[in-house]
Amino acid sequence: MKREEQLKQLSETNNSWDVVVIGGGATGLGVALDAATRGFKVALIEQDDFTKATSSRSTKLVHGGVRYLAQGDVALVLEALHERGLLLRNAPHLVKNQSFIIPNYRWWEGAFYTIGLTMYDLLAGRLSLGRSLHIGKKKTLAKLPHLKSESLYGGVIYHDGQFDDSRLAINVAQSCVENGGCVANYVKATGLLKDGKGKIVGVKATDLETGKNLDIKAKVVVNATGVFVDSIMQMDTPEAHDMVRPSQGVHLVLDKSFLDSDYAIMIPKTDDGRVLFAVPWHSKVVVGTTDTLREKPELEPQALEKEIEFILNTAGRYLTKKPTRKDVLSIFAGLRPLAAPKGEGKSTKEISRSHKIITSESGLITITGGKWTTFRKMAEDTINESIKVGNLANLKCKTKNLKIHGYKPNPDLNNHLYVYGTDVEFIQKLENEHPEYREKLHPNFEYKASEVVWAARAEMARTVEDVLARRVRVLFLDASSSIAMAPKVAQVLAKELGQDEQWVENQVTAYTKLAKQYLA
């Protein structure tokens with residue numbers, strides 16, 4: 001997946017695409033993969049790096065949504081549980097079965113949650129990840145040794161999926177290219193091409209690395225820009241009203257000692273009605289989330305002080321080791337693309353996470369809403385609509401049983417390279433041919449220079465941030481350590497990309513400034 005080759009395809013003026021997708025997050029990449037595997041000629045452009053915004057900042061769960069079942073949204077839960085099962089089957093190197101425990105601090109909760117979660121299991125059908133089970137206080141504390149024991153009656157075990165969000169996105173992008181698609185990061189849509197009748201016939205774009213302008217012609221243009229969909233819709237119709245109101249979700253990352261368990265904790269109802277998760281992830285613990293309406297979309301949203309305090313205080317009520325600000329290794333915030341609440345007092349947590357497809361008079365197809373778990377189904381529905389709008393051949397969806405790039409069953413989770421799936425052999429080959437690539441990026445982490453080389457050569461990483469945030473994930477695991485890694489990463493990356501010492505200096509400065517925003 002080399003950017004130069006992808007740009008060459010985009011730049012060919014006589015090229016005409018069946019579908020052009022704007023947006024390189026989960027939704028856009030899913031749409032591009034669906035189109036490519038059906039046999040359509042598809043191109044995708046992303047203004048920054050793949051999953052820069054929302055799709056790299058999830059709770060790292062592939063789940064049906066226990067909360068949505070409680071709200072009565074059975075259709076969404078059914079769809080999500082089915083998609084969860086497909087993802088576990090199609091990308092087993094990145095998606096795994098995660099056991100959760102809901103601690104019961106009131107006498108009736110054991111029966112209540114066991115019944116509800118048994119229904120959750122039944123809705124999953126043949127794709128269930130395991131049966132829910134009520135356990136007593138002693139077993140609950142044996143599995144969660146740092147859970148507060150006072151007033152604890154027991155717990156309910158249930159199963160959901162867990163994954164690495166941006167790693168999956170990179171593999172989806174690679175799968176798209178392998179199936180004939182074209183994807184490029186750092187290419188910004190600047191306008192829409194229209195014919196004499198006002199129908200959309202393509203996208204105006206700029207390669208942000210070179211400043212070169214591109215006219216990308218297409219039969220169908222899909223707006224899959226998440227929280228930024230309104231800006232593209234307003235390129236089409238300047239007077240269009242804002243359709244999305246961003247809802248912010250914040251997560252804190254702590255040392256694994258705070259949980260000291262392979263089990264995750266799920267608190268179904270906190271003081272303000274939110275769900276709180278504490279989930280083991282890459283030898284750390286991710287705790288979150290919040291649900292806070294924000295006024296406008298941003299590429300780098302910032303956690304609010306009240307959100308940080310809410311998570312710390314709530315986690316502290318359930319853990320024997322109460323986390324404080326100095327224990328936080330990284331803080332990350334993401335914006336969900338939700339429909340603005342209708343009616344007084346309606347909050348974002350009451351809004352359905354179902355996706356929505358809108359086709360404008362000019363033929364612009366906009367896909368919004370949804371969640372990571374259902375990205376494949378969202379893509380299928382979007383390309384089905386594209387076939388109608390663009391009068392494309394009625395080719396059938398092929399992604400239900402498509403093995404994602406890197407597919408490798410039963411990965412060795414003790415080897416941090418497991419996230420690369422079958423690409424591990426290429427990374428190991430790099431190390432065998434160049435022993436210097438075995439050098440660790442930081443004494444406290446297993447990440448090596450070989451992974452930076454691989455990210456540049458095969459995963460379209462263009463900056464230090466691309467590598468440390470979305471290829472090896474250290475920014476999200478330990479922001480301070482990631483700053484210490486930046487100079488080494490910049491040097492290796494500069495050699496791969498043919499950049500000079502000034503570029504290295506600029507990259508380290510820019511990355512350090514960014515990473516400091518992730519510190520508590």
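**Entry 1: cysteines**

I started with C182: its sulfur sits 8.3 Å from the closest cysteine sulfur, the one in C176, and that is too far for a bond. This is a predicted model, so I am reading computed positions here. For a disulfide I would need two cysteine sulfur atoms within 2.5 Å. I then searched the whole structure and came back with zero disulfides. C176 is accordingly in no disulfide, its nearest cysteine sulfur being that of C182 at 8.3 Å.

Next I asked myself: is C176 buried or exposed? C176 turns out to be buried, at a relative accessible area of 1%. I looked up C182 as well, and C182 is buried too, with a relative accessible area of 0%. My cut-off for calling a residue buried was under 20% relative accessible area.

**Entry 2: α11 and α12**

I moved on to a helix pair. Two packed helices are described by the angle between their axes and the distance between the axes, so I looked up both values. Helix α11 covers residues 424-433 and helix α12 covers residues 449-458; their axes come within 9 Å and cross at roughly 120 degrees. That angle makes α11 oblique to α12. I also noted the hand: α11 and α12 cross in a right-handed way.

Which residues meet in this pair? From α11 I listed F426, I427, L430 and E431, and across from them in α12 I found S450, V453, W454 and R457. Sorting the residues of this contact by type, I got five nonpolar, one polar and two charged. E431 in α11 and R457 in α12 are among the residues that meet, and both count as charged.

Notes: Residues are numbered from 1 along each chain as its sequence is written. This is a predicted model: local features need pLDDT of at least 70, side-chain atom pairs count only at pLDDT 80 or more; totals for chains, interfaces and linings use all residues. Side-chain values use heavy atoms; hydrogens and water are left out. Axes are lines fitted to C-alpha atoms, for helices over the stretch in contact, and angles run from 0 to 180 degrees between N-to-C directions. Helices (H or I, at least four residues) and strands (E, at least two) are DSSP runs, numbered from the N terminus. Angles under 35 degrees count as roughly parallel, over 145 as roughly antiparallel, 65 to 115 as roughly perpendicular and the rest as oblique. A crossing is left-handed if the near helix is turned anticlockwise from the far one by less than a right angle, and right-handed if clockwise. Contact means heavy atoms within 4.5 Å. Buried means under 20% relative accessible area, exposed over 50%, partly exposed in between (1.4 Å probe, protein chains only).
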